[in-house]
Every structure is written in C-alpha cells, then in structure tokens.
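Subject: A structure to look through, with notes

Dear colleague,

I am passing on a structure that I would like you to read slowly, with the notes below beside you.

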Amino acid sequence: MVRSLISASLRFRALVLTAALALLVIGGLQLRSADLDTYPQFTPPLVQIQTEALGLSGQEVEQLITVPLEDQLNGVAWLDTIRSKSIPGLSSIDMVFERGTNVLRARQLVQERMSQLRLPGLGATPTMLQPTSSTSRLLMIGLVSKTVSLTDLSVLARWKIRPRLMGVPGVANVSIWGQRDRRLQVEVDPRRLRRAGVTVDQVMRSTGNALWVSPLSYIQASTPGTGGFLDTPTQRFAVQHILPITTANGLSSVTIEGTGNRHVRLSDVTNVVEDHQPLIGDAVVNNKPSLLLVLEKFPDANTLAVTKAVDAVLDNMKPGLSGITVSPNLYRPATYVSSSMHNLMRSALIGSVLLLLLLTAFYSWRVALVGYVAIGLSLLVAALVLTMRGASINAMTVAGLAMAVGAVVDDAVSDLDTIARRLRRHRSGGETTPAAAVVLQATLTMRRSMLFAALIGVLAVLPLLSLSGVTGSFARPLVVSYALAVAASMLVALILLPALALTLLPSARTGRRPLPRRLQRWYDRGVAPYLFRPLWAFAAVGVLALSGLAVTPFLHGAALPALQDRSLLVHWQAAPGTSLPEMDRITEAAGRQLRTVPGVATVGAHVGRALTSDQVSDVDSAELWVTLAGAANYDRTLNAVRRVADSYPGIRHQVLTYPRDRVQAAANGTQDDLVVRVYGDDLSTLQAKANEVRRLLGSVRGVERPTVENTVTAPAMEVEVRLAAAARYGIKPGDVRRAAATLLSGTLVGNLYEQQKIFDVVVWGTPAVRHSETGVENLLIDTPSGGVVPLHDVATVHIRPNPTVIRHDATSRSLDVTASVHGRSQASVAADVRSRVRALPMPLEYHAEVLGDAAAEQTTHRRTALFALAAGVGALLLLQSAFASWRRAALLLVSLPLSLVGGVLAIAVVGANGSLGGWLALLAVLSLAVRQGVALFAAYAHLENQPGRQSPADIVRRGTRARVAPIVLSSLGVAALFVPFAVSGDIAGLEILHPMAIAVLGGLVTSTVVTALVLPGLYLRLAGLGGQTGPHSTEQPDRPLTTVR
Amino acid sequence: MHPARHPSRPPAHRAMGWPLAVLLLCGVGAGCSHSGEGDEVTQKTAQVVAVKGTDLHRVILDPQAVQRLGITTQRVPPRTASSGAEVISFDALFYDDNGRAWVYTNPAPRTYVRHKVLVDQVTGDRVVLRAALPPGTAIVTTGAAELRGAEYGVGAE
C-alpha cells in the first residue's frame, strides 16, 4: 500500500508539486489570521452568575440571593462543582462543568433553571455573564478629562462608548470602573422634616408621583397611563406628555402631598441635588480620578484582530470625544502577542537560512531546497491543522512544534541522503532502471517502518495526555502539536519528498561535495582506530553517567517561565473594611510613585469592582496596572516596581503578570497535600468544629502543620430592634428597616427619561444623617401616631465582625483545614483521616469531608507513571521485534539517557525559570537520538546479512562510516534551527524556546557523540556479533577499508 | 562492496524514554501552580513590636514608609478649664471588629500605638469623646487604615 502511494505520487508529481505549492501559499495566508494567544485555554467550562444588590450586606446577599439561586441551580447536568462568593452588594456564583462540556449547552440548561426562579422584590436580577477566555482581559481604556465631569463622562461611556465597543465581534464584555450614574437625589434630614411637619413617606410619594413612572407599587405613578390619541374627522393625533422636570431645579418646585394650603415645596424641606450613586469601585489613571473601561474577549477570539477593530472604533468616535483623553494603552496584551510573534518569526527565519546554508554546504543547493521545503511544509501543515481545529497558536503549541523539529529534520535529511546517494550511484553506474524506480526504492526502504513509527510516536506522548487539571490543559496542546508535526512530516516524506527529489535531483551534476567525504575520511583515520579499544566505550559511558547523576540534585521541576510581558499587575489589598476614599488616596499615591520609576510608561488603577466585571471584591482591594516603556530594561524596571510596592506597609501586594495571575487563580486549591472541608451554617460553630478537626489531624501520623483557614472579618454595624420598646410606639421591625433604608441607602422613586438615556430619582438621607454610628443611632423613625422616635429608642446598634467574603462550596458554607503530609503516602493518610473524621461527633447539618483533590492528584501521577512505563515497555518490544534481539534493543534503550546528559547539564545551567524549556528539549533530542541509533543498528544488521566474510569490527566500522554523514548532518541541521533561539536571550515569546534551545544544543553534542562514537564500540562488545554473520562466519583480520562515497 | 541502504528499516525511531516522561510529568505537575514571580508580601518597611502587658503593638515605620503612606498627625490641644469636652477629628477614628473605638497615637518619631477612646457622638467631622486624651498627644489623621493593616496583617481574601 505504501509502495503504491509513493509510486502514485511519483507518477503524478506535477500534481503533487502544484498541490504542495498551493498548500504553502494558502496555509501561509490562513496562518496570518490565526488566533494567537499567550497561553491555551486552561480553565474548565464555566458559567458565572452575578446578582447586584447595592446596599445589601454580605450576609443578606447570601441569605436572600445566593441561597435561593444555588438551590435552584444545583444539580444541573454535567455540573462538576458549584461555588459562590457573597460580598456586600454582590452575589457571584461560579458553576464549573466537567471538562469537554459544551459551554453553550450548559448555559442553556442554566438559563432554563434561572427562568423558573423568583427572587424576593429586591430589584435584583441574576445575570449570566458572557463566556470569556482564560486570560479574558483584552484591553483596558482610560478616559480622563479636564473639562468634562466624571458624571458626564460616565453618561457618555455608558450610553455611547460601551454600546459601540460591545458591537465589535470578539468583545464579550465591557465593564466601566468608576461609573458615576447621574441621578437626582432628594436629600432629607428627618429633623428638618419634623420641624416642617412633613414625613418621609410624604416626600417619597410626592417625588414619585411628580414623575411619569415609579417602581413604588403603592403610589399612583406605578400606573402611568398612556397619552392616548384622538380622531378628528380628518386626522388622527397622538397625544404626548412632556415631562417638564429635567433638572434638580424642576424637581425642587414640586409641592408635597398632604400639606394642604401650605403648599410646601420639596426645596423648602429637602435638598434636591444632582449626584451619583454610591460607588462600588473607582478608577485612577495617570494620577487623576477617571473612568476605566475593561474589555474582555470570548474564548475563541483573535486578540490581535479584535484589538485592531476596537482601535478603529475608538478612532471613529474621536471627533465626538473632544476634551477627553482616551488612553488605550493601559493594558494591551496584543502588544506582547505581536512582539512575541515577531521575535519568533525572526529567529525562525535566521535558523532556516542557517539550515539552508548547511544543506548546501553538505550536498547541493537543489538538495537544500528540497529539504527546506519538506521541513517547512511539515511544520506548516501541523500549524494549519491546529488552527482549523479551532485551537490557538500559543506558547505550548509552538513548544510542541519545536519539540518535533528533531524528528522533522531527520526525516527529511535521512531520506534525502539516501535518495541523493542512490541517484548519484545510479547516474555514475549507468544503470538502466529509471530514476523514478530508484527514488521509489530508496524512499520505501526508509519508510517501510512508517506505521510502526507512528504507533510508537503516539504511544510515547500518551502519558502526558493523562495529566489533569490546569497542568493537563497546558500539556494537551503541546502533545497534540507535537504529534501533528510528526505525522505531517511522515506524510510529507511519503508524498512530497520523492516527487520533489525526482524533479530536481537527477539532473544535478555528478560529484559529491567534499564535506561529507572529508567527514568520512576524518572518521576513518582519526576516530575509528581508537573506537574499538575496549576501555574507550566504557569510559565514555562512565563519564556521561556520572556527570548526569552529579547534576541531578541541581535540577528544577518544570515550571511555567516568567513572561517577558511589558505589562505588570500589582494586587493591592488594604485592611478589611477600608473605605473607598482612603483606598483612592493610597492607590493614587502608589500610582503616582510608580510613575516616577524610570522605565514605567503608564499606570492605571482600579479599586473595588464594577458592574458585570471579573473582580468580585469590595473596595478594600485594588489593582494597579503598570506598563513598561518599550526600551526600558525589563529586569531593572521590574525590581524597581517591586521596591516601590514593598515600601507601603500595611498593604498586601503582589507584582506579577496578568496571564500568571490567571493561571494562579485557576490552579488554586490544589496546592495542599491534605484538605478537610467542614460544612455547616453558623460561622462560630464552624470555627469550633474546624479547630476540633485540626486537633484531630495533629494526632494522625504523617500529618504536619494542620491549619484552619483564615476567615477575614471586618466591622459592620448591626441594627437590632428591641421588640418591646418598638411595640410601645406601635412600630414594627419592618418599619424601622424601611425607614432606615430610605435614609441610609436611598429609595428609588422614579426615573427620568432623556434622549434615550434613563436616570434614577431617589430619596436619600442628607450626608450628615448617614455618615457615622451616631447618625444611624439618631435616625428619626415616623410612628403611626404621627410622631417620630429616634432609632436608638427602639433598636440597638452594635458593631460586630462580619466575614468580608462568604464562600459556599456545594451550596453550603464551609471552612477548610489544610495540612501537609510527610513520611507516609497521601492515600493512606487520607484514608486514616477519613475514618477518624467520620467518627467525630458533629451537630445536625454539619459534616466534614476529606477532599479528594490531593488523593486524586496522586492517582493521576501514578496513572501517568504507569502509562509512561507501559510506553517504555512498548518501545522496548517494538525495538526487539525490529532488531530480532533483546540485547540490541536493550542496548539502544539504555544508551538513550546517556545521549541526553548534555541536555540535563544544560537544564541545571538555565535555572528554574528555564526548566520547562529544558525538559521539553530532552524530548526533542531524544526523538532524534533514537532515530539515529536505530538507523545505525539497521545499517549493521544490513551489513551482517550480506554475503561475504566480514569481521564484526569491520561491520561496525563500515556501518558507522556510512551513517556518520547523515547523523552529523541531521544533528547540525537541528542545531542550526535552534542556534538563533539560544543566542536571542530571554525575550518576549521565547521564554520557553530560549532555554529549550540551549538544552537542545547541549543534548545534541552528547547525543551525536554517543551515537557516532560510543554506540559503535558498545555494539561491538555487547551486541553479540561474531558467529552470526553471513554463511562464511570466520574471523577475519582487519582489512584496509574500501573506498566509500 | 559498500553498504547499501538497508531493506528492513526498524520502526522505532520515536521511542520515548519512559524515565523522561516520568520526570517531565512530575516536573510539570509540580511546576504549573508554582509562582516564581512576585510572591505575596505584606510588609518589609515596618516593624511591629508587642507592648508588654497589653494586646497593643508598637508599629515602627521606616522614614520612607511614613512619607509614602502620607501619614499626617494632629496634636490634641492642651485642656483648659473652659475647653469643654474633648474633640478630635473624625479622620482619626476607627473601630475594631467588636465596635471599640481607637485612634493611633504617635508617641515617638515614626512610632504609632493604638489608643482606646470612648465616643460620645459624632457631628460632622468632629468626634466628641467621653474621656479626654492626654494633652499634647499627637494622633494620626491620615493613614490609620494602613497602620491597622501593618499591625494586624492583611489576610488573603
């Protein structure tokens, strides 16, 4: 079958060549619009539901919103976990689905559940957030103006800019930090009202009824009625009412209901002002209070294309934004992505030029061209298939392609070497067989093992696919792109290479370049005589093994490298309960300080959160986004930024990059060895139970440092009505709440409509009334008898600690007790703890669970190790069937780690940051080393099977000499491609490839040495030659070597 | 004769070393959640020393930290017979988790200690205290929140 495939491609080579050319061109064009990203999607399918309830405390959010929602949503199909956070004013529920779930279907099911839900009339609507990518932030735009007020800027942003930006394909969400919604406020002071003999209720009714529509169901404005239309005999007229109230002035002249002939107006007893809603967050850009728009993208959006589209939209809007400075440079991942691409392309181009030169030096320019096209097409096809499957080109897929370079280069080079040699022989020998037959035979002998090779290739990378979690999401694209590249190079070698070779090579002039011949001569004279001294091979083995072992303590595990991203993110967390003005002050101060650091271009900060944003935090938490100038020294500036952040005591901070932040958030929770989660309702009981569990854990052998999770609390004012006192005045607890709500939180009484914008009208207390504990205690509550009573007469105001964030896991409050495990296996400790915890007495509705995460991690590791072992055994079996000898198979397998010693040494040199690249390099070198070793052994086997008397030493010498040129050439070819990456330094886009290149170069040195210089000697000694050669198996004295080409 | 190309090319040119895969996965598994960049820090420029016999602490800041946090202080005016009740600025007041009111005093340069106060009432931006502070005490009017974070530590939320 393979034969017919190759001969068909030879026969129709014009077609094949045209198709290849078309593929090159189309593929190149297609790849230009490919989705480029930093990291692959590493978050599981997620549906987020946020419910805003401005003014509700955290516990009330939990009771009134989160609990009913969770109850309704729990148990949806394919749901893995349901987690929630309830903070003052916001309920956020994360529903994590099993990997592989179709997000759209999941969303549909969740929507169905949500539509069946009715929340109590708080005016809160649960919103399902748009699906976003793992590193969701696409762009951050600052809006600053000296002439336009922040409120007007907010109106512009909300009603004009945001809708336009949301219309850009690829933009999932635009959230506005610092949004100040213009609204009319009727500010009441109960004492002033009392003096005028007016109640708060009267003010609310009058204000509401002055407008067209009101949400207050008990006043007349709740049914606005329509203008109607009238028919005259000839015409129909629509009747429309124009609201004369558009500003505070208009509203202040409204008379208050129930004041009879006194005609008391709103302005007589209240302050009617234009202001904005209480803020849940704020933004500071370049030292000025401003607006910050954060754009998030869909999971399959192309960062570069969408950023360009957004830029175009902003450009179009510019004429209408005079006086406003738009800064779209606060965070632009597109810059990093495009500079990564640029660096990658540049180094790849230089590498390919080097490869071309190398091939030309070894053979001829024609051979070089054929090889170049083959290698390039293989990689292109792999990348094309990836993009067609919808995956993005990211750091992992590029690393996978780089790993496959060894196999791809060797495929092309070995085939070309064989074809070129046979064609030359065919030409000089004047044989009559057509050149096509020669090419066919040459390719067949190389490719007959194609099926086996593909099997082993798949087998080899399978273990990595069994990794789970965030690690698995990173490993999968790596494996897929590697496998695709290897498969593509196989196809190219079968289909394209023979056709190209037949077209270009036969007409070449005879005569071989001196280089390979010189190599062989050097090998004959300089190396071969020493090769067969018995000590040499074993000494070499010893040296390599010892140096490899010596370096092992210095090796680091593979960790994602720090990105050379010119945008930094500074987490900024103040003491819980810190107010917004204070947070604004300290964030602005820090931002100002950061801008003085040389090398920092822009600083934008946002405090707290915004509507439908990705931050679920209160105003005591902020983020500063620092962009470095293009020419600034990265490390020096980063350290300077860190020093500035460190100089602020009392603030918890962390300086990192945004992709790293997202990976950290996704991987969180799987870091502890042992986690016992205590579920229950009451926080103090939970705390007590958790402490019991901690004591229990301390008594289990192997468990170290059990700690109860910290619950962060902040002081909150709790108002509790004293029923007896209230009853004396005829007041009910609900009355107190509603009265206080209007004065402290504000009540929406109506809306103003103006040119397609809608503004709120609220009745609120004056700032003096609502600014301290005293103010709360002195609030006047209207009594049914028409009098007033201060709040402290009917209720008590305590300040008590409230948790700042209430977390639920699986719909229940929980508290974690974590510990590390030493000295025993995690599984046995987990089993032990599980049995003991079950025996622990728990009050009703409380229970404790040993989380499966840690044990599951271990199972995964064990499973992956088993897979790897199976792969190794499979490889051994296949090698054995290929060589028909266990000894030879084992010899090759054992020599592989020795080939990698150079790479291992390089890993120790590149340090922790380059460890991932280093380990991947070992895989790249390994694939090459195995191919070269197997080809070498096959050459020996072929010589053995030939008739004629040959000594084992002779066989080995001749076989090695025949293979030395291709071995050296393919090693040099891989080196040529990697040299530009090694030389480039740690720059954007090459964080993995740069250490990988260094390790590959180191590994290539040792692997070439082992394959060409050590293996022959070992083979001679150990592979059981002698007595097994052809029909005349007698020992021969060493003969002078015949000339070889 | 020279060795011609071999008919039975063995298949295993991509055999993976299983030791390698194991090493790789262990490394990758351990590494992906490890943060090499910027681990979280709460303070490097402040010292917190417990005051013996109380649960108070002395928070001692570096000179640069004082300037960065923008800490401002105000001296309590000396009491006279006709001063009336003690009045301090509202900016200086803060409450702990259990509702007790505190201010930060500044007894020594760059040293800050909490001091309990009893609030009578708050009017506008003035706080009327029930018990007077020692005359001449300097109290912190800007930066009390950060000092609180430095003293208690800011937990991860």
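The notes that follow go from the whole chain to single strands, helices and residues.

This is a predicted model, in which local features need pLDDT of at least 70 and side-chain atom pairs count only at pLDDT 80 or more, while totals for chains, interfaces and linings use all residues. Residues are numbered from 1 along each chain as its sequence is written, and chains are lettered from A and ligands numbered from 1 in the order in which they are written.

**Chain A as a whole**

The secondary structure of chain A comes to 33 helices and 29 strands, where helices (H or I, at least four residues) and strands (E, at least two) are DSSP runs numbered from the N terminus. Along the principal axes, the C-alpha atoms of chain A fill a box of roughly 130 × 85 × 55 Å. Of the 1045 residues in chain A, 48% are buried; a residue is called buried if 20 or more other C-beta atoms lie within 10 Å of its own, exposed if 12 or fewer, and partly exposed in between, with C-beta atoms placed from the backbone. Two residues are in contact if their C-beta atoms, placed in that way, lie within 7 Å, and among the contacts in chain A between residues at least 6 apart in sequence, 79% join residues at least 24 apart.

Strand S3 of chain A covers residues 90-97, and 6 of its 8 residues are buried. Two strands are said to pair if DSSP finds at least two bridges between them. Strand S1 (residues 46-52) pairs with S3(A) in the antiparallel sense over 7 bridges, and strand S2 (residues 79-87) is joined to S3(A), also antiparallel, by 8 bridges. S2(A) and S3(A) form a hairpin with 2 residues between them, and in the turn A:Gly89 has a positive phi of about 90 degrees. Within these pairings, A:Leu79 stands opposite A:Phe97, and A:Glu52 has A:Leu90 as its bridge partner.

Is A:Leu90 buried or exposed? A:Leu90 counts as buried because it has 26 C-beta neighbours inside 10 Å. Leaving out residues up to four places away in sequence, A:Leu90 touches A:Gln50, A:Glu52, A:Val61, A:Arg609 and A:Val616.

**An open sheet**

Elsewhere in chain A, 4 strands form an open antiparallel sheet in the order S6-S13-S5-S14. Strand S6 (171-177) and strand S14 (324-331) stand at the edges with a single partner strand each, so one side of each is left without a neighbour in the sheet. Between S6(A) and strand S13 (residues 291-297) there are 6 bridges, and here A:Val171 stands opposite A:Lys297.

A nonpolar core is a set of buried Ala, Val, Leu, Ile, Met, Phe, Trp, Tyr and Cys residues joined through C-beta atoms within 7 Å. The largest such core has 165 residues, and those with the most contacts inside it include A:Ala374, A:Ala924 and A:Val1000. Helix H16 (residues 469-504) of chain A gives the most to this core, with 23 residues. A second, separate core of 84 residues includes A:Ile176, A:Val284, A:Leu293 and B:Ala150.

Two packed helices are described by the angle between their axes and the distance between the axes. Helix H14 (residues 435-447) packs against H16(A) at an angle of about 150 degrees, with the axes 10 Å apart; axes are lines fitted to C-alpha atoms, for helices over the stretch in contact, and angles run from 0 to 180 degrees between N-to-C directions. Among the residues that make the contact are A:Val439 and A:Leu440 of H14(A) and A:Ala493 and A:Leu494 of H16(A).

Helix H30 (residues 901-910) is mostly covered, with 8 of its 10 residues buried, and just after H30(A), A:Gly911 takes a positive phi of about 90 degrees.

**One more strand**

Strand S29 (residues 847-850) has a covered face, made of A:Ala848 and A:Val850, and an uncovered one, made of A:His847 and A:Glu849. Strand S19 (residues 674-679) is joined to S29(A) by 4 bridges in an antiparallel pairing, in which A:Tyr679 has A:His847 as its bridge partner.

With kind regards
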